[in-house]
Amino acid sequence: MDASAGGISRPFLLLAGIGKQFGGTIALEGIDWSVEAGEVHCLVGENGSGKSTLIKIISGVHAPDRGGSIIIDGSSHSSLTPAIAKSLGVQVIFQDLSLFPNLSVLENIAIDRELRSSLLPPPRQAMRDAAAAALARLDARLPLDAKVGSLPVAQRQIVAICRGLASNARILFMDEPTASLTRREVELLLETVRRLKTLGVAVVFVSHRLEEIVEIAERVTVLRDGRKVGTFAASEIDDHRLAELMTGESIVHEIMARPLGDVRPALEVRGASRAGEFEDVSFALRHGEILGLIGLLGAGRTELALALFGMSPLERGEILLDGTPLNLRSNQDAARAGVAYVSEDRLSLGLNLKQSIADNVAITVLDRLANAIGLVAPSRRKDLAGDWIARLGIRAPNADAAVQTLSGGNQQRVVLAKWLATNPKVLILDSPTVGVDVRNKQGIYELVRRLADQGVAILLISDEVPEVYYNSDRILHMREGRIVGEFLPRAGDQRRLSDALHA
Amino acid sequence: MPNLFRAVFGRTEFALLAAILVTAIVFSLASPYFLTVSNFMNLIEAYSVTTILAAGVFVVLVSGGIDVSFTATAAATQYVAAYLVAQLNYPAVPALALATILGAALGCINALLTYYLRVVSIIVTIATSSLYYALLIYLTNAEEIYNLPDWWSGRITFLRFATASGAVKITLPIVVMGVVVLLTQYLMAWTRIGRQIYALGGNPEAANRVGVGVLRVQLLAYGYLGLLAAVAGFVQAGRVHQAVPTAMAGQELNVLAVAILGGASLVGGVGSVSGVVLAVLFLAILQNGLNLVGVSSYFFGVVIGLAILISVSMTAYAESRGRKPFVARPA
């Protein structure tokens, strides 16, 4: 099954029979894997498939179980330490980039040189030279004395890559590198990766989905449940095939759009504007309809959603709910009127991670649960949560489990439950499947579909074409704060939507 | 806003400098006695203990922690040194050395507890603060030591010169304060460990990942504050000619206020020694001016509170503006 690129050169990294158990759980089992020098390789798998454990073994954070071997650049080891891994040229760039926002670009890149001989002054000139050399190798230009916190994300990524280069990286692991980038920033990253390739540095992208990265990758390795499914030539893999490989199930994408006929609108927006955010936005969302709203990061989609949810007032235009003008002064007004909003950033805005499922679900409906003197009986709260756990299929030991102990997909269901408990007429879902793996994504889509069938009007905001394409009845395209196009999944093809989005 | 304008006025140091200039001009017009060299030096001396402590707290704040136990440390070390010289007739050097080591050790205890218990440092140091104070008062029966030797309680003047407004004296507290400020500046800006302290405060997780020895850096930061607390304790006892177990209780917040006014952030990674010095200067000048125009000294507390509120609000406002995304930009 292995589509080896090889026989040409000796692999830079070669794993044989690598396994890892934590307590009784098998995290990895029998992994054989190789990465060539200067290769671009994708390592994909769902959450919990063993990707991070594998990286931690290669970077020396975890020791693998006995019996396996790690060969890096010809030298064989049964296990590594972080220092040894580093000296062999293994560098990991974590999703959060691990940079110091309060320090300069220069210090971030050359921080290694400040770590020993504590009481001496930092070797400023040597650091400057090392940082400049790393930037020159990437053909990148950054102000060395600027604070990293003042740079946009894409440039911070370059700083992180330069830090790897300054520490003599020979193989660079990048964890979910494109998650927070716009298309143009991704182009910049791809350019940088091509550059790394010519320098003979291997780059391994670690992700739970296939991204734009696959365009320049040579091979893709898929992990599932701690085992390697296989390594494939990137050219023989597409999103659909990858989803099957990652889940081990055949997932059929079909267009879910239904004809709605002549249903009255639940939500109407007329000429809505907020300076610098969105301009003259008008549309109608019907009862039972799933309306996709697609646009790149910065197109104004989240800002529009926040205005519909009463978080920021309209400067011009109006919002009508069931034909009655809404005057939203706060999100409480919106919730009372029947508008619910599931935020993009569920972890910081949508949930209190340390509290239980019951506490999180009940928060929106405390008024309704309270008795005559305003107290909420614990049993009523638990009954409510138990009800939603069953209805949404949330996988949790019980309603008292802290939300932070749940997986991404189940956390997302808790957010949904919290808003569904208010019996909303309009449900705004902002990027509902970010950070959720393939299997759970499908579950969330089915859930959304069921809600629509019950008559809830749903605004599905996303920047992923397949998400809106397969799951919406109708799609609005937003760009630079304006609605610039409308697509019907049954009529237009996916390609056309994708081209319009990235044009 | 043009970049230069922001670069210059966005920084705490320049805001403080501007505030100092404005205050000085206003009071110069209001009173002819304002800010003569001699009364300025007196004020600086009065602020020496606060400045020494603020320099230490600043280091801990930059590392991403906070410590409120340093006045307890200062009181304990001051008392131990006084006891050694006054009751047990120790010579100066071993007595001060032992007490200084004790100060650093008490600071290190805070670091160890914070590191191993993984409890936020404010909770740990509130606890150790009560513990150190209670032990001190229990063991000493809260008895003061008055009979400090002359080398300690005498006023040592290094330099004296006459000016039109009276004699200007550069005394020991001022010299000690100067040395502490320079030492702290050296540590934080010009050594690798200083840069590691900034790195740790800026992103603790990343610091750990790149190989900064987190415990080592924390021991240094809290130990340094403990050491400076001992020094501040000696200076304070010398100025009031006695060692009193509760002499500095309640000063924690004033000292923290100076560090924060000087630009140190409670979330760590930010601040400079020059900011701390400017904050001291600003408060000294303000206090002097208010005295001269006849404002009650009780009112000064109100002024400090307002100054901190304004400075914190300005920082928060600047950050929220910086974060606000401008959305409808061309993609």
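Two residues are in contact when their C-beta atoms, placed from the backbone, lie within 7 Å. By that test, A:Asn440 touches A:Gly408 and A:Gly409, leaving out residues up to four places away in sequence. Keep in mind that this is a predicted model.

**Around A:Asn440**

- A:Asn440 sits in helix H15 of chain A, which covers residues 438–453.
- With 21 other C-beta atoms within 10 Å, A:Asn440 is buried, because the cut-off for that label is 20 or more.
- A:Ser407 is 33 residues away from A:Asn440 in sequence, while their C-alpha atoms are 9.6 Å apart in space.

**How chain A is divided**

- Chain A is assigned two domains: domain 1 takes in 38–63 + 79–247, and domain 2 takes in 265–502.
- Going by C-alpha atoms, the centres of domain 1 and domain 2 of chain A are 34 Å apart.
- Where the two domains of chain A meet, 9 residues of domain 1 are in contact with 10 residues of domain 2.
- On the domain 1 side of that meeting point, helix H7 (residues 239–247) of chain A gives the largest share, with 4 residues.
- Sorted by class, this domain 1 side has 2 nonpolar, 4 polar and 3 charged residues.

**The six-stranded sheet of chain A**

- An open sheet of 6 strands in chain A runs in the order S6-S7-S8-S3-S9-S10, and its pairing is mixed.
- Strand S6 (90–93) and strand S10 (227–233) of chain A are the edges; each has a single partner strand, so one side of each has no neighbour in the sheet.
- From one strand to the next, the twist averages 20°.
- S6(A) runs parallel to strand S7 (residues 171–175) of chain A, and 4 bridges join them.
- One bridge in that pair links A:Gln91 to A:Leu172 in S7(A).
- H7(A) turns up again here: it lies across strand S3 (40–44), strand S9 (219–224) and S10 of chain A, at about 35° to S9(A).

- Another open sheet of chain A has 4 strands in the order S12-S11-S14-S15, paired antiparallel.
- Its edges are strand S12 (278–286) and strand S15 (324–326) of chain A, each of which pairs on one side only.
- On average, neighbouring strands of this sheet are turned by 25° against each other, direction ignored.
- Strand S11 (residues 265–274) of chain A is antiparallel to S12(A), with 6 bridges between them.
- A:Val269 has A:Phe283 in S12(A) as its bridge partner.
- Strand S19 (residues 474–479) and strand S20 (residues 482–487) of chain A also pair in the antiparallel sense, over 5 bridges.
- A:His477 and A:Gly485, the latter in S20(A), are bridge partners.
- S19(A) and S20(A) make a hairpin with 2 residues between them, and A:Glu480 in the turn has a positive phi of about 50°.

**A buried helix**

- Which part of helix H8 (residues 301–308) of chain A is buried? The count is 7 of its 8 residues, so H8(A) is largely enclosed by the rest of the structure.
- The buried residues of H8(A) include A:Arg301 and A:Glu303, along with A:Leu304 and A:Leu308.
- After H8(A) comes A:Gly310, with a positive phi near 80°.

**Nonpolar cores**

- In soluble globular proteins, nonpolar side chains tend to be buried together.
- The largest nonpolar core here has 161 residues, and A:Ala131, B:Val57, B:Phe58, B:Leu228 and B:Ala259 touch the most other members.
- Helix H12 (residues 214–240) of chain B provides the largest share of this core, 15 residues.
- Setting aside neighbours within four places in sequence, the contacts of B:Ala259 include B:Ala54, B:Val57, B:Phe58 and B:Val276.
- A second, separate core has 71 residues, among them A:Val269, A:Ala340, A:Ile458 and A:Leu476.

**Where chain B meets chain A**

- Between the chains, 24 residues of chain B are in contact with 28 residues of chain A.
- On the chain B side, helix H10 (192–202) and helix H11 (204–210) each supply at least two residues.
- The largest share of that side, 7 residues, comes from H10(B).
- By class, the chain B side has 13 nonpolar, 6 polar and 5 charged residues.

How values were computed:
Residues are numbered from 1 along each chain as its sequence is written. Chains are lettered from A and ligands numbered from 1 in the order in which they are written. This is a predicted model: local features need pLDDT of at least 70, side-chain atom pairs count only at pLDDT 80 or more; totals for chains, interfaces and linings use all residues. Domain bounds come from an automatic or database domain assignment. Ala, Val, Leu, Ile, Met, Phe, Trp, Tyr, Cys and Pro count as nonpolar, Asp, Glu, Lys and Arg as charged, and the others, Gly among them, as polar. Two strands pair if DSSP finds at least two bridges between them. A residue is buried if 20 or more other C-beta atoms lie within 10 Å of its own, exposed if 12 or fewer, and partly exposed in between; C-beta atoms are placed from the backbone. A nonpolar core is a set of buried Ala, Val, Leu, Ile, Met, Phe, Trp, Tyr and Cys residues joined through C-beta atoms within 7 Å. Axes are lines fitted to C-alpha atoms, for helices over the stretch in contact, and angles run from 0 to 180 degrees between N-to-C directions.
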